[in-house]
Amino acid sequence: MTSHQTTQTMKPATAAKKLGVYLEATPAEFQEGVVSRTELNALQADPPQWLQDLRRTGPHPRPVVAAKLGISIAGLARGGVTEALTTDQIDALKQDNPEWLQKERATQAEVRKEAVRIKEKNKEKSAQQADEPRGPRS
């Protein structure tokens, strides 16, 4: 018996998400086809010029925009940013530093601080449980 391995493929939207690029800005042949796992790995290992350009100048998808601004995706929506932005637009937003962006960055900083606090608390709790003697075994 021989086993036949099928090639794992994904929709262009999934591949674009994994590559961190905005699907609508990719070439038509990328948008219209399917992408195999091998092709995705090749694009990641040796990105073609169009992928390098998209990663450098955008337009960027919302998760990338949020990360570049140091806020959450929900924070983007609260700030009224619903579209993909280019690197220049992101830089201009950073330069203008509107009140909503300052507020969202402060919120994000608090969220990160709380996450660190919880992680430390859980680490201490785990260490205490590890140190507790266990009862006799029967």
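Which helices each supply at least two residues of the lining of the largest pocket?

1. The answer to the opening question is that H1 and helix H5 (62-69) each supply at least two residues of that lining. Please keep in mind while reading that this is a predicted model, and that the points below describe what was computed from it.

2. The largest pocket has a volume of about 200 Å³, and its lining is made up of Ala13, Ala16, Lys17, Gly20, Val21, Tyr22, Leu23, Glu24, Pro61, Pro63 and Val64. H1 gives the most to this lining, with three residues. Sorted by class, the lining has eight nonpolar residues, one polar residue and two charged residues.

3. Helix H1 spans residues 12-19, and within H1 the residues Pro12, Ala15, Ala16 and Leu19 are buried. These four lie on the same side of H1, because they cover an arc of only 100° around the axis.

4. What do the buried residues of H1 pack against? Their partners are strand S1 (9-10), helix H2 (28-32), strand S2 (35-36), helix H3 (37-45) and helix H4 (49-57).

5. Leaving aside residues up to four places away in sequence, Leu23 touches Pro12, Ala13, Ala16, Phe30 and Gln31. Leu23 and His60 are 37 residues apart in sequence, while their C-alpha atoms are 9.2 Å apart in space.

6. Where in the chain is the cis peptide bond that joins a glycine to a proline? This bond joins Gly58 and Pro59, with omega about 10°, and Pro59 lies in the loop between H4 and H5.

7. Phi of Asn97 is near 45°, which is a positive value in a residue other than glycine. Is Asn97 buried, exposed or partly exposed? Asn97 counts as partly exposed, because its relative accessibility is 28%, and partly exposed covers the range between the limits of under 20% for buried and over 50% for exposed.

How values were computed:
Residues numbered from 1 in each chain as written. Predicted model: local features only at pLDDT ≥ 70, side-chain atom pairs only at ≥ 80, totals over all residues. Heavy atoms only, no water. Buried < 20%, exposed > 50% of the residue type's maximum accessible area, 1.4 Å probe, protein only. Arc of directions from axis to C-beta. Contact = heavy atoms within 4.5 Å. 1 Å grid on protein atoms, 1.4 Å probe; cavity = no way out; pocket = protein on both sides within 12 Å on 5 of 7 lines; lining within 4 Å. Points joined across faces, edges and corners; volume = space filled by probe spheres on them. Nonpolar A, V, L, I, M, F, W, Y, C, P; charged D, E, K, R; others polar.
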